[in-house]
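Subject: The structure, and some notes on it

Hi there,

Here is the structure I promised to pass on. Please have it open while you read, as my notes follow just below.

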Protein chains: 2
Amino acid sequence: VPLGEFELIERYFSRGFPRRDDVVIGVGDDAAIVRVPSDAELVVAVDTLVSGVHFPEGLAPMHVGHRALAVNLSDMAAMGALPCWCTLALTLPAVEERWLEEFARGLRGLALRHSVALIGGDTTRGPLTISVQILGVVPVGAALRRSGARAGDLVFVSGTTGDAAAGLGLIQGTVSALDPEHAASLQQRFLLPAPRVELGLALRAIASAAIDVSDGLHADLGKMLQASGAGAQVHVDRLPISRALMESQGVARARRLALGGGDDYELCFTVPASRVRAAEHAAGIAACEICQIGTVEAEPGVRYLDGGRPVVAEMAGYDHFAR
Amino acid sequence: VPLGEFELIERYFSRGFPRRDDVVIGVGDDAAIVRVPSDAELVVAVDTLVSGVHFPEGLAPMHVGHRALAVNLSDMAAMGALPCWCTLALTLPAVEERWLEEFARGLRGLALRHSVALIGGDTTRGPLTISVQILGVVPVGAALRRSGARAGDLVFVSGTTGDAAAGLGLIQGTVSALDPEHAASLQQRFLLPAPRVELGLALRAIASAAIDVSDGLHADLGKMLQASGAGAQVHVDRLPISRALMESQGVARARRLALGGGDDYELCFTVPASRVRAAEHAAGIAACEICQIGTVEAEPGVRYLDGGRPVVAEMAGYDHFAR
């Protein structure tokens, strides 16, 4: 028996999701209604995942559900915003109850971790496409932007980069790793990205600019610098590379992945020299490693150094319509 | 040359759209930031259009763009909300500049008419799918809901219904009309739906319940009554049917389309008997015809009458996964 649209939302996406006092009307009317605190600005982002483009076809539905929210939480993190509510636009080829249960489980797990309420949605028939819209709040004027980096600021990145791209390669059979523990840890980084929401919140009033690393560090750092009208020098020998990535791929490939690989969902941000101690303290509060990889310069573009000497980095950022 | 994601948004969706003072950050950062008035609640809806499901493949991109926003504005209308901002998640098989220009033109035209700013978006590669998220505001506690209809309230519908379904049938060749003016007027109702935003605003504090007619009057009235825990009797001889529909289809088919056809984007609402004059005044302000078609009753379900006598209406509401 095919499920009706309304029943489908009710059955899979109503139960077990966080309840919030600021939700006046949730799923079930023509629109949802929420209360935004009067001293806050509303932060809005939307990200779409297409099967076979943003994740491999056949990816476990639990991981698809997790990912759909994670990529949006990462946008909130990059703004220093507190995520509060989300909506889900789900296009499905058919109603498979098992798939929906697992998808909802992945979405719900991450929603519960961040107390994000699912307040609305739309289910339609068509090729598998998932679009999540996230709404968050930030104190007036406190949001982190891409455009605030200034010459002399230091460039930081959280966690490690390149792992998710290696993990995807392992899943797709284009990358190999001898040690099964390395392989498992890299795949995990692709399958269950952990957006840096707490770090984003802690970096308010400290970072001068921020962006999340979704398309690769090279590409996203470039976007942040372009928005800031600045450039940077980056030390490739300071890139935060995990032991699993370094040992399984070797230094050259590990660096290529750390700069060019996507799907890390780390934060790349800049900090004025006078605020570096504060940034380190903020990272401690967020229980997150951060690594200083370079310095903002007035001259546009990114210049890579290895052992202090210029190197040519031929990296192309991920681009949805170019690859 | 393929366009990059960012450039694509910039080129087609930045220029010519309404600018609003309450947009702090628009397209171009990790998320948008807007200011919600402190005496307002935030109203949120999302609707997805899939090519070949919600509109015929090959529909002119201008009409697709118009439709993507119209269906969401209609949700705002049903809540009595003032639409303010929207985001666009656009999945495209390929970048066709001509298609994008025309799509943006359709979206922009309606956005300008309602002063809705496009504050963010995501473009991805995949089968044509368009998801618009709309954000609006309503004074605290003033939103219209589906759940407020009470026995004795009168049931109204705006404009005329069934035209859009006939128009779609004409486009697809399943419906015919001898008079080319009738055909043109019915097709127009499908191609360029005009959401009843002004009527929704005018009906605040007057209507006891409201829903927009997107899946057909029978189905949507049923949803509103179910949410209200009530039923209704409806006079099929009072249904607002346009001259074009009546003359081209005859009374029996016209009534079937008026009750069962979708895509009207009219409002169906209930009004306490004491507020009927106020509702008529509100409709006048919104420059919109409204028609009383029945009465809310305590007993669940919809009972149809013709000339005062019960008739069986075998109508099935549109359901995305059932058709």
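Let me begin with how the two copies meet. Of the interface residues of chain B, 100% are also interface residues in chain A, so the copies meet through the same surface. Please keep in mind that this is a predicted model.

Now for the extent of the interface. On the chain B side, 65 residues are in contact with 65 residues of chain A. The size of an interface is often given as the accessible area lost when the parts come together. Here the two chains bury about 5100 Å² between them, and 59% of that is on carbon and sulfur atoms.

What about polar and charged links? The count of salt bridges between chain B and chain A is six. For one salt bridge between the chains, go to A:R146 and B:D30, whose side chains meet at 3.2 Å, N to O.

Which element gives the largest share of the side of chain B that touches chain A? That is strand β3 of chain B (residues 40-50), with nine residues. By residue type, this side of chain B divides into 35 nonpolar, 15 polar and 15 charged residues.

Strand pairing also crosses from one chain to the other. Strand β3 of chain A (residues 40-50) pairs with strand β2 of chain B (residues 32-34) in the antiparallel sense, over three bridges. A:V44 has B:A32 as its bridge partner in β2(B).

The partner of A:V157 in β11(A) is A:C291. Strand β9 of chain A (residues 231-235) pairs with β11(A) as well, antiparallel and over four bridges. There, A:A232 stands opposite A:V296.

Best wishes

Notes
Residues numbered from 1 in each chain as written. Chains lettered and ligands numbered in written order. Predicted model: local features only at pLDDT ≥ 70, side-chain atom pairs only at ≥ 80, totals over all residues. Heavy atoms only, no water. Contact = heavy atoms within 4.5 Å. Buried area = accessible area lost by both parts, 1.4 Å probe. Salt bridge = Lys/Arg side-chain N within 4 Å of Asp/Glu carboxyl O. Helix = DSSP H or I, 4+ residues; strand = E, 2+ residues; numbered from the N terminus. Nonpolar A, V, L, I, M, F, W, Y, C, P; charged D, E, K, R; others polar. Pairing = 2+ DSSP bridges.
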